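My entries follow in the order I made them.

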Amino acid sequence: MKVYLYMNERLYQYGFPNHPLNPTRYRLFKKYLEESKIDKNLEIVSEYPCNEEILKYFHAEEYIKYVKRKSEEGVGLLDYGDTPAYKGVYEVSLESACATLDAAKKALKQKTYTMNPSGGWHHSRRDRAAGFCVFNDIGVAIEYLFSHGLAGRVYYIDIDAHHGDGVYYSFEDDPRVYIFDIHESGVYLYPGTGFEWEDGRGAARGSKRNRALDPGDGDDILLKYIDEAVEWGFEIEPDLIIMQGGMDGLAGDPLTHLRYSVDGYLSAVERVLRLSRDLGVGLVYLGGGGYQPEVQAKTWIRVLETMLKLSLT
Ligand SMILES: [Zn+2]
């Protein structure tokens, strides 16, 4: 079974000037990948279809036009607070959505693992940017797969330290999207949402689970919830698993207060990868956040190695 890694210069430009979310981690990751022995089962995907029309599956047209205009102007903000516009931000964000969609399609069709480190922009809403997320590549991929009848049920697992509010609220009333989101409590961290009582709405009640951690929580809590997520996965029997693997919960991250170790994090990822294999469905892993570039780049290499190891068994 081949494992697919999405990588090219355009995709690895995602980031913002003077912010911890910048392309350094992608540069380092590329360097470490070149230095490591690349397994013959790893296929680098540098070209894939990319059409701006895909954004409309999830985003409001007015918002897409707005981002395009701000990207041409190259000044100001894309939201009410922190996401700055710069020249080309439209193209960079579109590229990420295209890669995630292609990665999702490939994972689904070939029942394999795909990885897009430059994806997982889980704060973006249908009609606005938020938290340095411009286009919600996860939402675009999910809506596209549903619209084309390619998937009937998707399981989204998010271990980024921030709550994936853009995915949660956009699909809060959609029973086809199962969500398990483990994050630092909104009491202490942006975006201030994702409490345990938020479990879906209307016909979708019970299809979402939020698990909020306290500052200082570490591997034992992460793995306890991951085991719950895995167990639930066997009940859900999804057509595809999408994992937002943000590493900002690793100890030492400058933006959050969780204390996962690299080994604990990798163990969580491996358990979800095994779930996908045991269910016989594909999994797309997305990079999300993480603000210790050296650690993140090296840990991505280990995520890839885990994927390759499991793809052989
Ligand atoms: Zn985050």
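Entry one. I began with α7 (residues 262-279) and α8 (residues 293-312), whose axes come within 10 Å and cross at roughly 30 degrees. I keep in mind that this is a predicted model. Angles under 35 degrees count as roughly parallel, and α7 and α8 are therefore roughly parallel to each other. I noted the crossing of α7 and α8 as right-handed.

Entry two. I then listed the residues that meet. From α7 these include Val-262, Leu-266, Val-269 and Leu-273, along with Glu-270, Arg-274 and Arg-277. Among their counterparts in α8 are Val-295, Arg-302, Val-303, Met-307 and Leu-310. By type, I find nine nonpolar, two polar and four charged residues in the contact of α7 with α8.

I moved to the largest nonpolar core, which holds 89 residues. Which of them touch the most other members? I found Ala-104, Tyr-156, Ile-241 and Ile-242. Helix α3 (residues 89-110) gives the most to this core, with twelve residues. Leaving aside residues up to four places away in sequence, Ala-104 touches Ala-141, Leu-145, Leu-240, Ile-242 and Val-284.

I checked α4 (residues 137-147) next: is it mostly covered or mostly open? It is mostly covered, with nine of its eleven residues buried. The buried ones include Ala-141 and Leu-145, but also Asp-137 and Glu-143. I see α3, α5 (165-170) and the strands β4 (154-158), β5 (177-184), β7 (240-244) and β8 (282-286) among what covers them. Just after α4, Gly-149 has a positive phi of about 65 degrees.

Methods: Residues numbered from 1 in each chain as written. Predicted model: local features only at pLDDT ≥ 70, side-chain atom pairs only at ≥ 80, totals over all residues. Core = buried A, V, L, I, M, F, W, Y, C linked by C-beta atoms within 7 Å. Buried ≥ 20, exposed ≤ 12 C-beta atoms within 10 Å, placed from the backbone. Helix = DSSP H or I, 4+ residues; strand = E, 2+ residues; numbered from the N terminus. Contact = placed C-beta atoms within 7 Å. Axes fitted to C-alpha atoms, helices over the stretch in contact; angles between N-to-C directions. Parallel < 35°, antiparallel > 145°, perpendicular 65-115°, else oblique. Left-handed = near helix turned anticlockwise from the far one by under 90°. Nonpolar A, V, L, I, M, F, W, Y, C, P; charged D, E, K, R; others polar.
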